[in-house]
Amino acid sequence: MQAEVADLMAKAEAADQADVPDGMSIPAELARREQRLAEIARAKATIEARAKQRHAREQAEYEAKLAARAARTAATGRKPGGKPPAPPVEGPLPTDQVNLTDEDSRIMPVPGGGFEQCYNAQAVVAAGSLLVVAAEVTQAPNDKQQLEPMLDKIAELPEALGKVGELLADNGYFSEGNVNACAATGIDPVIAMGREAHHPSLEQRFAQAPPPPAHPTPLAAMSHRLNTPEGKQRYALRKQIPEPVFGIIKSALGFRQFLLRGLDNVRCEWNLVTMAWNMKRMFVLAAAN
């Protein structure tokens, strides 16, 4: 583009206009390229700013891993197994991108493989009624970062709606920090700690629950709960609480993609969609009663 700008400037300065094609407006062509170059410069600045934020976040995680390894070494007197964590790479990566149509959106992996320019829509669904009681849209593809913000939204709900006693979530939301955050708010977490096989063996299905640990941490208590028959039954409910809500929103309401641009606008759009779902659901609940 810079070479094209130089060529256009040379044509403009030439006294002989014979080399200017018919219909070409040099000022218009210059303006178009200068605008595009300005957009690219702004996108590069955005990429560099995001890289700094990412490096600060990854550096904190890296230092936490080093501290955890050092603590294990001090406790056991042996060097931990496995490779030590690699330090994060500073600066923009070759794969970093900015969408010039909607800078707030992000490239995210999608089910089935591949990547799309996306937002991450979150919803907290109440068991029984299947009403969405909290909704949010984020720019982060990782769900682990979304549990605590949704807990804050749950805490802001009116007391008349009742107290949340249990939270079911899949493995994408699992981390020890998230388990501790649930316990700190008085909510019993039931979060998958790993991916489970679709067809467990008979021995696994009917194995006796291990004895409860003495003075367990929130993570140890949840791990034991997930290995009990009651805990397995509770976690099985996760598939029949939030999944139908997202499925019906996509299939029955026909909402499969955001139509607006910008994070604030997309959040408003998702709030409207979840309100439409709640109105549809309340109509069904009223008819059933």
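The largest nonpolar core of this predicted model holds 21 residues, of which Leu147, Leu151, Leu167, Ile191 and Met222 touch the most other members. A nonpolar core is here a set of buried Ala, Val, Leu, Ile, Met, Phe, Trp, Tyr and Cys residues joined through side-chain atoms within 4.5 Å; buried stands for under 20% relative accessible area, exposed for over 50%, and partly exposed for the range in between, with a 1.4 Å probe and protein chains only. At least two residues of this core come from each of α3 (147-155), β5 (166-169), α4 (176-184), β6 (188-191) and α6 (218-226). The largest share, four residues, is supplied by α3. Helices (H or I, at least four residues) and strands (E, at least two) are DSSP runs numbered from the N terminus.

Leu167 gives a handy view of this packing. With its neighbours within four places in sequence left aside, Leu167 is in contact (heavy atoms within 4.5 Å) with Leu147, Leu151, Ile154, Cys182, Ile187, Asp188, Pro189, Val190 and Ile191. A second, separate core numbers 16 residues, among them Ile241, Phe255, Leu263 and Val273.

Turning to the whole chain, nine helices and six strands are found. The radius of gyration is 26 Å, whereas a compact globule of 289 residues would have one near 19 Å; the value is taken over C-alpha atoms, and the globule rule is 2.2 Å times the number of residues to the power 0.38. The C-alpha trace spans about 90 × 65 × 40 Å along its principal axes. Of the 289 residues, 28% are buried. Among contacts between residues at least 6 apart in sequence, 55% join residues at least 24 apart.

The chain exposes about 19,300 Å², with carbon and sulfur atoms supplying 55% of it; areas follow the Shrake-Rupley method with a 1.4 Å probe, and for residues only the protein chains shown count as cover.

Pro88 sits in the loop between α2 (26-76) and β1 (106-109). Beyond its neighbours within four places in sequence, Pro88 is in contact with His55, Glu58, Gln59 and Tyr62. Pro88 and Pro109 lie 21 residues apart in sequence and 21 Å apart in space, C-alpha to C-alpha.

Residues are numbered from 1 along each chain as its sequence is written, and side-chain values use heavy atoms, with hydrogens and water left out. As the model is predicted, local features need pLDDT of at least 70 and side-chain atom pairs count only at pLDDT 80 or more, while totals for chains, interfaces and linings use all residues.
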